[in-house]
Number of protein chains: 2
Amino acid sequence: MSSYTITIQQPNRQPQTLTAPAGQNLFSVLREHGRLVPSPCGGKGLCGKCKVKISHGPQTLNATLESESSFLSVEEVKAGYRLACRVSISEDLTIELPAAETGTAQIMSEGGHNVPLNPLLTRRVLQLPTPVVKDQTADVERVEQALGLPGSIKPELFSALPTTLRDGGFRLSAVLAGEEVLALEAGTKSAADGLYGIAVDLGTTTIVGYLLDLTTGRQLDTYAALNPQQRHGADVISRIDYTLEHEQGLSELAQLVRAEFNKMIAYFSRKDPALASNIYQLVVVGNTIMMHLLAGLEVKNIAVSPFIPVVTRDFTYQAAELGLEINPRGKIMFLPMISGYVGADTVAAILASNLAEQAEISLLLAIGPNGEIALGNRERILTCSAAAGPAFEGAKIRYGMGGLPGAINRVQIEEDLTYTTIGEKPARGICGSAVVSLTAQLVKAGLMESSGRLKTADELGDEYPAPLKARLCKVDGQPALRVASQADGAVEDIYFTQQDIRETQLAKAAIGAGIRILLQEMAISITEVKTLYLAGGFGNYIDPQEAVEIGLLPREMADKVIPIGNGAGAGAKMALLSQDYHEKARQIRAKTTYLELSTNSAFQDLFVDSLEFR
Amino acid sequence: MSSYTITIQQPNRQPQTLTAPAGQNLFSVLREHGRLVPSPCGGKGLCGKCKVKISHGPQTLNATLESESSFLSVEEVKAGYRLACRVSISEDLTIELPAAETGTAQIMSEGGHNVPLNPLLTRRVLQLPTPVVKDQTADVERVEQALGLPGSIKPELFSALPTTLRDGGFRLSAVLAGEEVLALEAGTKSAADGLYGIAVDLGTTTIVGYLLDLTTGRQLDTYAALNPQQRHGADVISRIDYTLEHEQGLSELAQLVRAEFNKMIAYFSRKDPALASNIYQLVVVGNTIMMHLLAGLEVKNIAVSPFIPVVTRDFTYQAAELGLEINPRGKIMFLPMISGYVGADTVAAILASNLAEQAEISLLLAIGPNGEIALGNRERILTCSAAAGPAFEGAKIRYGMGGLPGAINRVQIEEDLTYTTIGEKPARGICGSAVVSLTAQLVKAGLMESSGRLKTADELGDEYPAPLKARLCKVDGQPALRVASQADGAVEDIYFTQQDIRETQLAKAAIGAGIRILLQEMAISITEVKTLYLAGGFGNYIDPQEAVEIGLLPREMADKVIPIGNGAGAGAKMALLSQDYHEKARQIRAKTTYLELSTNSAFQDLFVDSLEFR
C-alpha cells in the first residue's frame, strides 16, 4: 500500500513530518501522532472544530465536501481550510495547525472565558536528605516536612513509602490535591511528567468528555458518546421510573454510565496506557438526576413533590469508590447543583457565562427538555426550571430531529417556503432552530393565527401565493404545513403539524413565563438586563429576532443575545483547571435562590398569558 | 443443680438480686449481669483489682485463699473483702461493690489522673423539618444544616440517607467524630444509647484493653491476653527478624495481633452483640515496633542504623481498613511515638504522669526490655532508650519469671537468706523486683564484690554465718547463690548465678547511664529533679532504696519515687476520653527530643562507669 508524507507546521513548534498510508483519515493520523486538534464530536463531521489549513496538496485543497461547507466560510475555503476529519489522504500534504493547540496556561473553549491555570492537582519532585543517626525522622514525617504539609499523607500510603523512598534514593515525586497527598512515586518521575484531568458534561442524551493536561492547561482530546442509559428511557422522568420499577434499576443505570466513562478513559489512554493512572481528577456536571445516577443515589424523591434530591452541594468520591478507572485515588468531583431540576450543568453554564461576576444583571437560558433560566449578577441569582418539553430539541415534533446533517435548521417564507439544512444534506427532519424559524415565519406570513391555529388554504385570500397555499394540507386528519418534499430532493416529505405548533407554543410559553416570573421576583424591568446568554448548541443556530417574534425571548433582548455554546462543558473545564473557579461554582450555588414554578400561581397566569404568538 | 441468691449493694444504686448456680465464679456472675468490676488481668487472680466486700455469706467470708492475701490487707480480710475472681459460689451472698463502678464523668485509673470527659465521639439526636415545596433543601444539606456542620457528611453515607431520613420520620441520630459524621441512624436511637471506645496497651508480651463508655467516662470492662505474635519471637528484634525471614511475615504478624484485637472486641460484646457496632473508636499505644506491626508497616529499617520508622506522628485508620470489627467506620487512632525505640507507650506514660504539664523537671522511667527514660517538664523533654536487656522483666535470668504467683519478689539476707513470693505460693522462680533485691542484698551482706564478682565460701571469713556460706555454690561450673530449695518447700532448687548478676549489671548500668546522660544533656543536677515516675508493674514491687543501692536509680531520688502502674494504658484511656489529652500527647511528641545512645561516646563512658555496684 502506498503511503504519503504529511508535513505539519505550527507557530512556535518545529515542523513535523509524518508518514501515513493512502486512504487514512487526516484527523485520525494527527491524533495518533499526538497532534490533538479539537473535536467535540470526535471526528464525526458534526462540530466543525477540526479545521486545518492545507497549504500544499493540490487535490486535497480543492476537494472540499458539501458536508464541510456549513462550517467553513467562503474565505476559509479559498484559503485552503478543510475539516481534518473529512480529509482522506491521497497525496503528500503540508498542513498548518493553528497556534491554539500548543497551549498556554489558559483555556479557551466554546462559551468559556480564559482561566488562569490553578489546578487542584500538582506534582512536586522532592529530593530528601538521607536519614542518619543524627536525623532519625521517620519516613512519613520526612516527606511531609519536605512538602511543608504535616499530616498530609494518608495512612493508606504509609506501607509503600519505605520502599518508594529507598528505591528512589530518597528522591520521589508527590501528586497533591491541594494539601492532601494522593500518590508518592519513586525517583524516576519528574514534575514534567503528565498530570491529567477530565471534564465531563453528562447529559441525558449525550456524554461529552474533555481530556486536559493540568500542567499546561491544554485540551488534549475530546470524547462524545450517547448516554447508554437511553435504552431505559429517553428523558429523566422515564429513567427515574426505571429505578422504581426495577429492583436493581438504580445500580444498573449507575453501572451503565460508569461503564461509558470507563470507555472514555480507555479512549483517552489508547496511545499510552499509563496515561489513565496519571489522570487524578474528573470534574462532572450534568442535571441533578444524571449526577445522582452517576453517584448511585436515589432519585425517586426528585420525581414527586416536594422534589427533594439527596444532595445538591458539591462533593467528591475517590475514583475507586465509583469504579472509575482513572488513578484509583483520583478524585471524582461533582460540581454543585441548585435543586432537583436546576443542576450542575446550569451552575457550570453560569460560571462559563461570567454572569455571577458582573455588577449588571443578566439572563441565562439553557434550553433542553426543561428550560433552565437564571437571572442575576454578582450579588444574587434567581433561577427556575420551566417544564418546556423537548420541542426545541426536536423531540415531540413529528418530524423533529437533533442538530445533525440533513436537519432543516432555518426556513424562509416569502413567495414560497425555502429552507437550509445542516451540512447541505438532503432534508431528513426539523431541528430546534427550524421550529423557532417555522413558527415565526408562519405568523409573519399570516398562515397562522396568533392563537396558534394554522389556517387552511380556503381561509387565505387571493393575495397569498399559490405555492404557499399548496403547502397547507392535512396529515392524519390534522392541519399541517408541508416543509419539504421528496420531489424537492428531501429524503421524505416533511410536515410541521398543528400538534407541533401546540408543543412549540407550550414550550415557548413556559420559558417566556419563566423569564417574566424571575424578573417580577427580582423586581426589575427587562430593560435593566444587560445580556441574555444562550447555552447549548441550539443557541448557536437560532435567529434571536425570530425567537423574539414568537415570544420565546423578550423583545428587549433581541440585540443582547450571546450564544455560549456548551456552557456546561466549558464551566466543568474551568473548574478543573482552576480551584478558584471551582470555588466560584460553590459561590454561585450559595447566592442562587431556586423558584419552584410548578406550584406558583403567578407563573400559571403568566404562562397562559404567554401562549399567544404575538 | 442448686443455685444461690446474690444480693448486690452499691452506693447510689438500687440493690440488685441475682441467681447463680452453685460452684460458679463470682467474678463471672457479676460480669454476666453487667456489674463490671475492674480486672486488668481478666479474672486470673493476678491483678487484685476485683476486690468486693462480702457482708453476708459466713462460709465465703472466712474462706480467703492464700492467693488472695498478697492483694488484701489484714484490715480488708477482717472486713470481709475477697477477690471476686477467687470466690466460688457455695451459699447465698450479699456483696458490696465500691462506688467507683458507677462512674462519673471522670476516670481514675492506675497511674492516670482525672480527665474531664471531652471525647472526640459524640452522638446527637436531630429532629429535622419535613421537606415542603417552600423548603426543598436536599437530604444531605438538611442534616448538615441541623448539625451546623456544612460538608460534614462523607459521600459514602449519601446513598443510605434518604431511607434513613424517611424511615425515621426525619428524626435521626448522628455519630460524630469531631466535625465529621461517622454514622446516621434512623429515629429509634437516642443520645442515651451507647457509644463506646476501647483503649489498648499493645505490649510485646501482653495486650491489655479497656472498654470505656464515652457518654459517661466509665470503664465497663477489661481484657488481657498474651500477644499472639510471641510464637514468632519473644522480643521486638526477633519479630523484626521474622518479617525479614518470611515473605508473608509482616502481614502474618499484623493478622495475628488484629485477630487478638477482634477476640477482645467479641469479648466486650459477649452480652450484647450490638455493642461492637457502637464502638467507634479505638486508641492504641505500644512500642514503635508493635504499633508498626498492628498497622502492617515495615519494621526492618528500625532494626539497623540509623533506625528509621515508617511513621512516628499520630495517625488514624478506618476500622475496616485494618479489619478490626468495631463499627467499620470507627477510628483506629495510633497515639504518637518519638522514635524507633521510644514508642507511644512512653508518650502515654508521660501523659499519665503529668510530667509534661509541670514547671519543675521530673524523670520518668519505664523498665522493659529497653529502659525508656524521659527527663523534662512542660517546656521540653529529653528521652532515650537504654538497651537494658530484659533482666528486670525476669527474662535472661536463669530462674527468672514474670510477676506471677510463686515468683520470689523480695529477699532479705541476714543470718540466712529469706524471701517472699507473690501470692505466698511455693517459690517457682525470681521476678524483676527480686533481681534488684538480690543484687542489693548480696552487696550489702558482702557476698559480692562491687565489681559484681560473687565470692566463694572459701573467701569468706568465719564471721559469715554458715547457712549463708552454704548457699554459695556452683551451677554448671559458674558461681551461684542458692535462693530457694525444694527442701524449703520451693517447687525446685532456685539459683541466682554469676551470669544473672552480669545481666543485671548491664541492665542497671544502661539505665543508670541513661539517666545521667539525660541530666548532662539537660545541664541540670539530679537534685533539681522533683519526681521519678516509675511506669510498669515492676515499679509497684521494687524497693526504691534497693534500686538506689545497686545504682539503678540515683541516690537523690530514693524518696521521690512515684510508681504509676500501667501508665501506657492509663494514657491511652485519657486520650480516648478527652480530645484535649489526645492533643497533649501530640504536644508531648512535639516538645520531646530523642537522644540516640547507641552511637553516643559519652554514654559509653558513663555506662562503663556505672557497671560497679556501689
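What percentage of the 614 residues in chain A is buried? Buried residues account for 50% of the 614 residues in chain A, a residue being classed as buried if 20 or more other C-beta atoms lie within 10 Å of its own, as exposed if 12 or fewer do, and as partly exposed in between, with C-beta atoms placed from the backbone. The model is predicted; local features require pLDDT of at least 70 and side-chain atom pairs count only at pLDDT 80 or more, whereas totals for chains, interfaces and linings use all residues. Residues are numbered from 1 along each chain as its sequence is written, and chains are lettered from A and ligands numbered from 1 in the order in which they are written.

Chain A contains 20 helices and 26 strands, assigned as DSSP runs (H or I of at least four residues for helices, E of at least two for strands) and numbered from the N terminus. The radius of gyration of chain A is 27 Å, close to the 25 Å given by the globule rule for 614 residues, so the chain is as compact as a globular protein of that length; the radius is taken over C-alpha atoms, and the rule is 2.2 Å times the number of residues to the power 0.38. Along the principal axes, the C-alpha atoms of chain A fill a box of roughly 105 × 65 × 50 Å.

An automatic or database domain assignment divides chain A into domain 1 (3–101), domain 2 (121–186), domain 3 (196–334) and domain 4 (350–614). The C-alpha centres of domain 1 and domain 4 of chain A are 35 Å apart. Five residues of domain 1 of chain A are in contact with six residues of domain 4 of chain A, contact requiring C-beta atoms, placed from the backbone, within 7 Å.

The same surface serves both copies, as 100% of the contact residues of chain B recur in chain A.

The contact between the chains takes 37 residues from chain B and 37 residues from chain A. On the side of chain B that touches chain A, helix 5 (139–147), helix 6 (161–167) and strand 13 (315–318) of chain B each supply at least two residues.

Helix 13 (residues 432–444) of chain A has 13 residues and reaches 19 Å from its first C-alpha to its last, close to the expected 18 Å, the expectation being 1.5 Å times one less than the number of residues. Of these 13 residues, 12 are buried, so helix 13 of chain A is largely enclosed by the rest of the structure. A:Gly446, with a positive phi near 75°, follows helix 13 of chain A.

The peptide bond from A:Ser305 to A:Pro306 is cis, with omega near 5°, and A:Pro306 lies in the loop between helix 10 (300–303) and strand 13 (315–318) of chain A. The bond from B:Ser305 to B:Pro306 is likewise cis, with omega near 5°. B:Phe170, a residue other than glycine, has a positive phi near 65°; B:Phe170 counts as buried because it has 20 C-beta neighbours inside 10 Å.

Key. Contact = placed C-beta atoms within 7 Å.
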